[in-house]
Amino acid sequence: MKIIVAFITITISICSFRPAMAQIDSTLLKSPASTKDTLKRTLTMDAIYNRPFLQLGKSPISIGGYVESDWEKVSTSGISLGNQFQFRRFSLFVASTISSHIKFLSEIEYEDDPSGDPDGSTGPQFEIEYAALDFEFHPLFNLRGGMIVNPIGAFNQNHDGPKWEFTDRPIAMSQMLPDTWSTTGFGAYGKKYVKDWMFGYEFYITGGFNDSIIDNAQGKTFLPAAKSTLSRFEFSASGEPSYTAKISVKNSHIGELGLSYLSDIYNTWEIEGAPVDSKRWLHIFDVDFNTTIPKAHTNIITEWAWIFLQVPPDYTPEYGNRQFGGFVDVVQPVYQGKFLDWEHATFNVAVRGEYVDWNVGNFQATGQRMYNDTWSVMPAISFRPTPQTVLRFNYRHEHTRDITGNTIGAALGTTAGYSLGLSTYF
Amino acid sequence: MINPEEGLCGPISLDNAQTVLFSTGNNAFFATRTSSTGLGPYFVATGCGACHTSDNRGHPFTILTRFGQSDTLGNTFLNEGAPQLGAFALPGFMPEAVPPGATSTRMIAPITAGVGFLEAVPDSEILNIAAANANNPDGVRGHPNWDTIPHFAIILNGSFPRADGKWICRFGRKASVYSILQQVANAYNRDMGVTSSYMPYNPYNYLDQTLQEISTPEVDNTTLASVVFYCTALQTPEPRNATDSTVVYGGNLFNQIGCATCHRPTMATGNSAIAALANQTFSPFTDLLVHDMGPADDDHYTEGTAETSEWRTTPLWGLGLAPNVQGGTSYLMHDGRASSIQQAIEMHGGEAAVSAQRFGALSASDQSALLTFLKSL
């Protein structure tokens with residue numbers, strides 16, 4: 001109770017300061033290296049390069065990275081694991097301008113649970129998340145190839161810890177969609193702006209998912225399960241290409257809207273040329289939007305995704321054929337200015353609302369609704385001494401039901417707790 | 001794993017070492033099996049917790065089908081994959097179907113909480129209850145289901161074979177399972193397609209006509225033993241509002257109209273290696289006997305020496321919590337055919353017909369009180 005009172009008191013105190021710019025706008029981040037493209041205005045799709053880099057002398061190589069670490073104490077249905085100290089991520093970027101209009105970026109990440117599947121986790125790992133070469137022929141036409149992050153929604157492209165006011169990634173964007181879903185492939189992207197309008201597109205052909213998305217320790221359709229299969233960077237389970245496309249439209253007065261789509265045949269349907277199953281499709285639709293309300297400088301970010309897939313007709317309904325989920329973040333800067341020795345410190349208050357339904361539809365056996373869903377509200381306060389660094393304090397109130405709607409169990413019912421985290425680019 | 005409010009998911013009083021084992025079993029019980037951890041190829045559920053959510057009753061989406069035995073002489077369809085149907089199949093495999101000529105029944109998973117207490121009831125207690133039925137004026141004639149037991153069964157305290165080598169069994173809808181160990185091994189193998197050292201063959205599907213292969217145990221003995229211990233050490237569902245006047249009044253009606261003859265409010269355990277289970281009086285609302293439930297409940301399938309119309313008296317403990325795990329409604333009786341407690345009472349025939357008729361003759365308020373009592377269990 002004391003913590004709640006302190007939280008409210010701090011929030012009210014901070015709100016008495018004058019408004020300032022939201023800090024999650026990635027354009028605030030410095031980028032000393034010459035790895036940005038030739039158009040200065042950015043979309044979410046630029047997030048992969050729109051990070052702070054340090055150039056090494058006269059070398060064409062720039063390096064950067066970020067780190068993310070948290071403390072949390074949460075309980076579910078009254079059961080708590082106590083104080084948990086989590087070193088979630090350490091990420092190192094290396095970028096280089098190889099020659100005019102040719103650039104390369106790689107990201108190596110240490111992550112506490114790269115599989116995204118707590119029940120199937122093999123523990124912390126170092127992994128290459130991104131390693132791709134870009135050829136710019138024209139701002140409207142760039143080629144990219146290598147290990148890329150598929151642009152399924154905005155969060156997948158723009159997920160660096162220091163950019164967010166919350167210690168946890170959005171549930172739908174990390175446990176329904178696989179966050180940092182990277183695969184091997186090739187594609188094209190480009191953008192164009194006219195006055196206040198900006199248009200961007202991306203299209204990639206890559207490797208795809210595999211059968212684990214409907215055969216995993218989570219016991220539900222779980223796209224992140226495919227992340228555990230590291231062989232996906234060399235071997236596509238279906239032997240078929242996966243297609244990812246995204247278009248973005250941005251008006252500098254209104255905001256940015258992104259629409260993305262992924263289609264994939266995810267299963268191993270033939271072995272050595274002999275069919276062993278029918279081809280099963282996966283379709284993902286995602287819409288994202290972000291804007292900053294003028295004057296108040298309130299930043300709003302939202303993303304919602306719909307997943308449709310073919311599940312074998314004689315398979316357990318625990319693995320659903322439809323999923324839906326998303327989140328809304330509202331970030332209100334309440335003070336920007338000098339604080340101690342930091343000239344551009346910022347305090348924000350924020351809240352995230354989110355919902356995921358991992359099994360949309362009804363039981364064939366009874367006609368009843370299948371649940372397996374979670375909603376959560378997470379208020380937050382954050383302090384940014386500089387744009388690249390964030391110290392954030394969150395409270396989470398979450399409610400989870402299993403497939404029958406039951407809320408009694410170790411991982412079910414109401415989860416409540418606090419987290420304090422730091423994250424910074426370096 | 002503990003939810004004292006609802007009386008499920010928690011352990012009986014255990015020492016530290018037992019608590020660790022209980023926790024290990026809890027994790028294994030609620031783990032989801034995948035193809036890489038032995039699931040399938042034919043299965044009903046992906047884990048124990050899929051059927052026994054919160055250690056409670058099952059939901060119709062994991063209902064299981066048994067087939068192939070229409071009399072007390074045994075199952076004649078074992079070569080066609082009997083006794084249990086793998087309703088689901090891994091991708092690329094074909095789910096099982098009931099072979100032509102075989103009779104079948106569907107069974108919804110019973111509650112898990114409290115089974116350790118049921119296992120600790122000595123045969124003598126069960127036989128005494130059966131003997132007391134001999135002259136029951138309502139026609140109640142329950143009897144134990146005597147059956148053969150598997151080679152890996154560990155003989156229970158207070159359990160003795162009959163002259164023909166058969167033993168009193170007590171678990172499952174037909175009371176055809178001898179012990180929790182047998183039930184857990186059965187469930188891994190038949191419900192999930194997971195082999196163990198006790199049941200090393202994967203289930204067979206005559207439709208796919210693949211070989212019924214023996215496999216390396218997909219659940220090791222240590223894990224299986226932890227699940228057995230977890231089930232054994234689960235606490236009993238605690239009644240709610242037990243002192244409420246309507247509940248008390250309804251409980252009296254329950255006894256008066258004869259329900260308690262079979263759904264016995266108290267039973268007693270004998271000796272047990274687990275101190276908290278030894279020599280306890282508890283309230284399962286069952287007699288562990290099988291009873292003729294009449295032609296409407298005769299699915300022409302049976303197990304052991306029970307007749308096809310005979311079913312084990314279902315423990316009623318936790319009955320009021322069933323909607324929590326059944327999507328807010330109720331799926332009662334052996335196959336979930338009753339959608340409310342009242343409907344379930346009205347479906348009681350055979351030896352229970354007299355009590356069902358008496359329930360029907362009660363005033364609306366008395367019926368309501370009796371139902372309130374049942375929901376408090």
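Modeller: Before we start, one cut-off: a residue is buried if 20 or more other C-beta atoms lie within 10 Å of its own. Keep in mind too that this is a predicted model.

Biologist: Fine. What share of chain A counts as buried, then?

Modeller: 46% of the 426 residues in chain A. That chain has 3 helices and 20 strands. Look at its contacts as well: of those with a separation of 6 or more, 62% are between residues 24 or more positions apart.

Biologist: And how should I read a nonpolar core?

Modeller: Start with the general idea: in soluble globular proteins, nonpolar side chains tend to be buried together. Here, the largest nonpolar core has 97 residues. Those with the most contacts inside it are Val184(B), Tyr188(B), Val227(B), Val228(B), Tyr230(B) and Cys231(B). There is also a second, separate core of 39 residues, and Ala172(A), Met173(A), Ile214(A) and Leu282(A) are among its members.

Biologist: Which residues does Cys231(B) contact, leaving aside neighbours within four places in sequence?

Modeller: Thr112(B), Val115(B), Gly116(B), Ile180(B) and Val184(B).

Biologist: On to helices. How do I read a pair of them?

Modeller: Two packed helices are described by the angle between their axes and the distance between the axes.

Biologist: What about H1(B) and H6(B): at what angle do their axes cross?

Modeller: Roughly 105°, with the axes of H1 (residues 16-29) and H6 (residues 221-232) of chain B coming within 7 Å. H1(B) is therefore roughly perpendicular to H6(B). On the H1(B) side, the contact includes Leu21(B), Phe22(B) and Phe29(B), and on the H6(B) side Val227(B) and Tyr230(B) are among the residues involved. The tally is 7 nonpolar, 5 polar and no charged residues.

Biologist: How do I read the place where the chains touch?

Modeller: In general, the size of an interface is often given as the accessible area lost when the parts come together. For this model I can give you residue counts: 29 residues from chain B and 29 residues from chain A. On the chain B side, strand E3 (88-89) and helix H9 (322-325) are the elements that give two or more residues. That side divides into 14 nonpolar, 14 polar and 1 charged.

Biologist: Pick me a single residue. Is Pro95(B) buried or exposed?

Modeller: Buried, because Pro95(B) has 20 C-beta neighbours inside 10 Å. You'll find Pro95(B) in the loop between E3 and strand E4 (104-107) of chain B. Beyond four places in sequence, Pro95(B) touches Asp314(A) in the other chain, plus Tyr42(B), Gly86(B), Ala87(B), Phe88(B) and Ala89(B). For scale, the C-alpha atoms of Pro95(B) and Val44(B) are separated by 9.9 Å, though the two are 51 residues apart along the chain.

Definitions and conventions:
Residues are numbered from 1 along each chain as its sequence is written. Chains are lettered from A and ligands numbered from 1 in the order in which they are written. This is a predicted model: local features need pLDDT of at least 70, side-chain atom pairs count only at pLDDT 80 or more; totals for chains, interfaces and linings use all residues. A nonpolar core is a set of buried Ala, Val, Leu, Ile, Met, Phe, Trp, Tyr and Cys residues joined through C-beta atoms within 7 Å. A residue is buried if 20 or more other C-beta atoms lie within 10 Å of its own, exposed if 12 or fewer, and partly exposed in between; C-beta atoms are placed from the backbone. Two residues are in contact if their C-beta atoms, placed from the backbone, lie within 7 Å. Helices (H or I, at least four residues) and strands (E, at least two) are DSSP runs, numbered from the N terminus. Ala, Val, Leu, Ile, Met, Phe, Trp, Tyr, Cys and Pro count as nonpolar, Asp, Glu, Lys and Arg as charged, and the others, Gly among them, as polar. Axes are lines fitted to C-alpha atoms, for helices over the stretch in contact, and angles run from 0 to 180 degrees between N-to-C directions. Angles under 35 degrees count as roughly parallel, over 145 as roughly antiparallel, 65 to 115 as roughly perpendicular and the rest as oblique.
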